[in-house]
Amino acid sequence: MSKLMQTIWPDPQDDRIVWIIDQRALPHELVHEALRTAEDAARAIREMHVRGAPLIGATAAWGLYLAMRQYPQEEAFGSYLQRMRDLLYHTRPTAVDLENALAQATQKILAAAPDQRVATARRAAEQFAAESAAQCKAIGEYGLPLLKAIYAKKAPGEPIQILTHCNAGRLACIDYGTATAPIYLAHERGLPVHVWVDETRPRNQGARLTAYELAQAGVPHTVITDNLGGHLMQHGLVDIVFVGTDRTTRQGDVANKIGTYLKALAAADNGVPFYVGLPTSTIDWTIRDGLTEIPIEERGGEEVTHIAGWSDGQSRTVQLTPDASPGLNYGFDVTPARLVTGLITERGVCAASEAGLLGLFPERG
Ligand code: MRU
């Protein structure tokens, strides 16, 4: 995957700049955007130039680095750091990576000598990104045996049919992706796979981003409407569901892109295994009950009433609904642990339960 492109990286020549891909233009244009200030980073997260839990976290960490470069000496450092942390934090509420990345970086910056704050913030951002990529790679290694076990029961050459929702791929992360990591590894190692890609209304991260990166990697896939998955499962056309998560609770409830819960229900009804890939940065150890304790982002109704696409070499947005019809747009839903077959983490696969998670992360007990 690394040969394709990075999702966030510091300029190799100019240390005032951090680069991102403005994902709003994909799959039609590959636009690189320079972040020069913490405000740029906050806007990029809020307006979804970047999105996906680990990448949101990494962008916030790089935003703190840019903030450290701009420290106005006349303001008390503690209040400046808090203000910059809050600016980056109050961008998107659901992905806990944002909070975790900012907490890690803030702690390191506070412990650094004043003349080391910029370098420390840079190292913290680099470390968050590097660890996240390594964790995603490990998720791939631990998820791969699940695919191999399915393949072993198939007729030779018949592809493993995987359904995924939203974009939990490398574009949502630093590399490999969460849900996609086992798929990429299987493909690289010669296992035949085919991915059903939910379009993922209203922002269409599946149709625009997952399809784009699977196509780039040469992984066979088909984009489907969000409503098709249940029908495919009823007809034996889905072997396994892999999704990501933006916040996972101690008891294994997962918040992911709106519509994930409906896929979990359909999977349970049809006996299709439903797995969630997650690096540690997406676990919120402070909460148990996802339904009441996870903050669910509500975005503007115009994302529902209007749709963006590409026509005549230009990005265009058109209205779908009558002028008088409002849209309601919750970005995420919670899938209760009882509907999750297993969690794939960088330490292995476990049951979606507190006992399961603590088996892999005993230090959190
Ligand atoms: O609104 P988005 O595009 O940030 O939502 C992304 C998802 O829901 C992903 O599935 C999630 O971040 C988990 S995997 C990286």
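The legends below describe close-up views of a predicted model.

**View 1. The two domains of the chain.** The domain assignment divides the chain into domain 1, residues 8-131, and domain 2, residues 146-364. Taken over C-alpha atoms, the centres of domain 1 and domain 2 are 26 Å apart. Contact between the domains involves 29 residues of domain 1 and 28 residues of domain 2.

**View 2. The area buried between domain 1 and domain 2.** The size of an interface is often given as the accessible area lost when the parts come together. For domain 1 and domain 2 the buried area is about 2,400 Å². Carbon and sulfur atoms account for 56% of this area.

**View 3. Polar contacts and the side of domain 1 that touches domain 2.** Between domain 1 and domain 2 there are 13 residue pairs in polar contact, counting pairs with both residues at pLDDT 80 or more. On the side of domain 1 that touches domain 2, the elements giving two or more residues are α2 (53-69), α4 (97-111) and α5 (117-152). Helix α2 gives the largest share, four residues. Sorted by class, this side of domain 1 has 16 nonpolar, eight charged and five polar residues.

**View 4. A salt bridge between R247 and E99.** Side chains of opposite charge can pair when their charged atoms come close. The side chains of R247 and E99 form a salt bridge, with 3.9 Å from N to O. Between domain 1 and domain 2 the count of salt bridges is two.

**View 5. The residues around the ligand.** The ligand is surrounded by 19 residues. The closest of them are R51, A53, R92, N256 and K257. A polar backbone atom of G52 is 2.9 Å from an oxygen atom of the ligand. From the side chain of R92, a polar atom lies 2.8 Å from an oxygen atom of the ligand. Q205 also places a polar side-chain atom 2.9 Å from a ligand oxygen atom.

**View 6. The salt bridge of R92 and E297.** R92, one of the residues closest to the ligand, also meets E297 in a salt bridge between their side chains, at 2.7 Å from N to O. This pair links distant parts of the chain, with R92 and E297 lying 205 residues apart. R92 is in the loop between α3 (77-89) and α4, while E297 is in the loop between α10 (290-293) and α11 (302-305). The structure holds 22 salt bridges.

View 7. L26 and P27 are joined by a cis peptide bond, with omega about 5°. P27 is found in the loop between β2 (18-21) and β3 (32-35).

View 8. The peptide bond running from R201 to P202 is cis, and its omega is near 5°. The loop that holds P202 lies between β5 (193-198) and α7 (205-217).

**View 9. The backbone at C166.** C166 has a phi near 65°, which is a positive value in a residue other than glycine. The position of C166 is in the loop between β4 (160-164) and α6 (181-188).

How values were computed
Residues numbered from 1 in each chain as written. Predicted model: local features only at pLDDT ≥ 70, side-chain atom pairs only at ≥ 80, totals over all residues. Heavy atoms only, no water. Domains from an automatic or database assignment. Contact = heavy atoms within 4.5 Å. Buried area = accessible area lost by both parts, 1.4 Å probe. Salt bridge = Lys/Arg side-chain N within 4 Å of Asp/Glu carboxyl O. Polar contact = N/O pair within 3.5 Å; in protein donor to acceptor, adjacent residues only side chain to side chain. Nonpolar A, V, L, I, M, F, W, Y, C, P; charged D, E, K, R; others polar. Near = heavy atom within 4 Å.
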